[in-house]
Amino acid sequence: MTETFKLYKLIILYMLDSVDFPLTNSQISDFILNKGYTTYFKLQQALSELIASGFVHEESTHSRTFYHLTEDGETTLQYFKNDISPAIRKDIRTFLKQKKLELKNEVSVKSDFYKTSSGEYCVRCQVIEKNAPLIELALTVPTQSEAETIANNWMKKNQDVYAIVMAKLL
């Protein structure tokens, strides 16, 4: 059981090491569950243990969780990379190659909100490209409902908003 569980962790580390952007819980789950490597609950346990041990850094927003590989995670992977079979490494590379653009676009658009000291809500909307914000927008609204609506709509309409802003400013 421990060797199998170690493999789940190594698969996650290998996936994070193979991309230059964070992956979401659903993206990692999509690969591992569709390949039938483990169950959802074992996968979540493996992710939790990787975070607790400092091998993966977790970044949460109101609707998604992003995972980043840490230096310790990268070092650990280098020691144990050969414990992942060539077939599994190939499956991971194929999955990431086929879905790289889709995966990258999915994590490059971020939105989150928080309650301010004045009781209003600040909504932070971003599009990240090459680890730097392409556009970053902060809006203050009076209710949590409005904040949620803006955050959710940003995920759908960020390209339109970006185009309008650029057209107005240029």
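This is a predicted model: local features need pLDDT of at least 70, side-chain atom pairs count only at pLDDT 80 or more; totals for chains, interfaces and linings use all residues.
Residues are numbered from 1 along each chain as its sequence is written, and side-chain values use heavy atoms, with hydrogens and water left out. Local features need pLDDT of at least 70 and side-chain atom pairs count only at pLDDT 80 or more, whereas totals for chains, interfaces and linings use all residues.

Helices (H or I, at least four residues) and strands (E, at least two) are DSSP runs, numbered from the N terminus. Helix 3 comprises 13 residues, 40-52. The end C-alpha atoms of helix 3 are 18 Å apart, which agrees with the 18 Å that the helix should span at 1.5 Å a residue; the expected span is 1.5 Å times one less than the number of residues.

Leu43, Gln44, Ala46, Leu47 and Leu50 of helix 3 are buried. They lie on the same side of helix 3, because they cover an arc of only 160 degrees around the axis, the arc being that of the directions from the helix axis to the C-beta atoms. An α-helix has 3.6 residues a turn, so residues three or four places apart point the same way. Buried denotes under 20% relative accessible area, exposed over 50% and partly exposed in between (1.4 Å probe, protein chains only). The buried residues of helix 3 pack against helix 1 (2-17), helix 2 (25-34), strand 2 (56-60) and strand 3 (65-69). Phe41 and Ala52 are exposed residues on the face turned away from the buried side of helix 3. Just after helix 3, Gly54 adopts a positive phi of about 85 degrees.

Phe41, located in helix 3, counts as exposed because its relative accessibility is 68%. Together, Leu33, Tyr40 and Phe41 make a nonpolar surface patch of about 330 Å². Patches are made of residues with over 30% relative accessible area and no salt bridge; like charges are joined within 9 Å, and nonpolar side chains (Val, Leu, Ile, Met, Phe, Trp, Tyr) within 5 Å. Accessible areas come from the Shrake-Rupley method with a 1.4 Å probe, and for residues only the protein chains shown count as cover.

Leu33 belongs to helix 2 and is partly exposed, at 32% relative accessibility. With residues up to four places away in sequence not counted, Leu33 touches Thr38, Thr39 and Tyr40 (contact: heavy atoms within 4.5 Å). The C-alpha atoms of Leu33 and Leu43 are separated by 8.5 Å, the two residues being ten apart along the chain.

Six salt bridges are counted, each defined by a side-chain nitrogen of Lys or Arg within 4 Å of a carboxyl oxygen of Asp or Glu. One of them pairs Lys6 with Asp83, with the closest N and O atoms 2.6 Å apart. Lys6 lies in helix 1 and Asp83 in the loop between helix 4 (71-80) and helix 5 (86-108), so this pair ties together parts that are 77 residues apart in sequence. Lys6 is partly exposed at 25% relative accessible area, as is Asp83 at 40%.

Lys9 and Glu49 form a salt bridge whose closest N and O atoms are 2.6 Å apart. This pair links helix 1, which holds Lys9, to helix 3, which holds Glu49, across 40 residues. Lys9 is partly exposed at 21% relative accessibility, and Glu49 is partly exposed at 32%.

In the salt bridge between Asp91 and Lys35, the closest N and O atoms are 4.0 Å apart. Asp91 is in helix 5 and Lys35 in the loop between helix 2 and helix 3, 56 residues apart.
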